[in-house]
Amino acid sequence: MKKNDEIILEIDGYASTGSGVGRFDGMAVFVPLTAKGDTVRVKILKVKKAYAYGKAVEIINAAIARANPDCEVFSRCGGCVYRHISYAAECEIKQDKVYNSIKRIGGIDMKPREIIGAKNVYGYRNKAQYPISENGNVGFFGTHSHRVIENENCLLQPEIFANICAVITKWIKENNISIYNEETHTGLVRHIYLRQAAKTSELMTVLVINGDTVPNPDVLVNHLKDLLGENLKSVQLNINKKDTNVILGDKCVLLFGDTYITDILCGVKVRISPLSFYQVNRDMAEVLYEKAAEYAEPKGKTVLDLYCGAGTIGLSMAKKAKKIIGAEIVPDAVRDAKINAEINGINNAEFICADAAAAAKQLAERGEKPDVVIVDPPRKGCDEELLNTIANDFSPERIVYVSCDSSTLARDIAVLSKLGYKLAEYTPVDLFPRTAHVECAALLRRIDINP
């Protein structure tokens, strides 16, 4: 098999990225936008030693799970990967993905609880970061590229985001404001960044700029006020002059309103700043956090919440817990966590600004002995030093692991199994319908503790 060959391929599985996978002469061939059960004619685009990449040029026999994509840019945009199959099939894929990770990487042949599917697969995102094309229109980066695929009406975003983008792009064009060019590092506006508090309807609009200010900001603010009325709570500039792919800079400049918006999650008021982490799917985040609380059984216990962000997981358990201790490395998020505790009248919560491993060491040195440790790390998971500190210095009854990447979850479960912790149960929760991502909550118990 070589580049530009055409082959007939039966798709019998999925890669972690969402691409369909088949085998030809013993070699795995990855083909985007195909479904398990498809028979397809594939043009080979790249051949490696043990696998190849291809493009479907004809669907010869369609899988039962196939559906007509409902987005015009689905095949070119880098966001969704499953708009060509039913949502039921997508949930099955995600369930299998998590199970296979735990079995293959974690070395534990335990089936998960049934995946909790999303309540809504449309308009569920409360945050969007739009790059802007050379034409001055918003969109999203294409797959494996920084080429902007224009798309104002993304089906994952609430409809109001499209209206806000239309107002901003019109203002950009009327004021002849330049668009940032990644290759030359010139131009002013880099991204439009929007956040919505889904429960309260409060909206935040942020322009990410390669500079210190913008022309006629008052005009922009007035246009946004006319559109959004009292729901507009914050208009800000985010300053990012670095030659980087990182979207947000460290500094924000307020143009209107407050520096934050406020949402309600699991009955807790949550203050959200531009740099604060907050789950993009509020409704399913509640489901995930309720599952984490079920696993934690926090009543009367000291709970350590590592990678706590704005404190959402820990604060949702504070009324039952004896004490909540949160740790987070982002200063703005820690500030928000402290304020979130205050505005909710929660007096049994403490928040530390430090890397999770450093915070864990600091707490161990002062003799803290949490009954439950919750970790909600980024995609890279926890490092081994942190896991050792949790298991050896704290030795909690329970560890609740909230994960956005099943492969690093499985890796860390394997480490913890050697440190005296046994996987008791885990549940996938779909916070990101139509994409390849899936969250998971896992409960690990100390082996000498009875179930």
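Predicted model: local features only at pLDDT ≥ 70, side-chain atom pairs only at ≥ 80, totals over all residues.
Biologist: Which residues of helix H8 are called buried, and what covers them?

Modeller: In H8, residues 384–394, the buried residues are Leu386, Leu387, Thr389, Ile390, Ala391 and Phe394. The term applies because buried means under 20% relative accessible area. Their cover includes the helices H7 (356–365) and H9 (406–417), together with the strands S15 (302–306), S18 (372–375), S19 (398–403) and S20 (421–429).

Biologist: Why is tyrosine 53 called partly exposed?

Modeller: Tyrosine 53 has a relative accessible area of 36%. Buried requires under 20% and exposed over 50%, so tyrosine 53, at 36%, is partly exposed. This residue is found in strand S5, residues 51–61.

Biologist: What makes the nonpolar patch on the surface, and how much accessible area does the patch have?

Modeller: Leu45, Tyr51 and Tyr53 form the patch, with about 260 Å² of accessible area together. Nonpolar side chains are joined into a patch within 5 Å, and each residue must have over 30% relative accessible area; Tyr53 has 36%.

Biologist: How many helices and strands does the protein chain have, and why is the chain called as compact as a globular protein of its length?

Modeller: The protein chain has nine helices and 21 strands. Its radius of gyration is 23 Å, close to the 22 Å that the globule rule gives for 451 residues, so the description applies. Of these 451 residues, 53% count as buried.

Definitions and conventions
Residues numbered from 1 in each chain as written. Heavy atoms only, no water. Patch = residues over 30% accessible without salt bridge, like charges linked within 9 Å, V, L, I, M, F, W, Y side chains within 5 Å. Areas by Shrake-Rupley, 256 points an atom, 1.4 Å probe, with all protein chains shown as cover. Salt bridge = Lys/Arg side-chain N within 4 Å of Asp/Glu carboxyl O. Helix = DSSP H or I, 4+ residues; strand = E, 2+ residues; numbered from the N terminus. Buried < 20%, exposed > 50% of the residue type's maximum accessible area, 1.4 Å probe, protein only. Contact = heavy atoms within 4.5 Å. Rg over C-alpha atoms; globule rule 2.2 N^0.38 Å.
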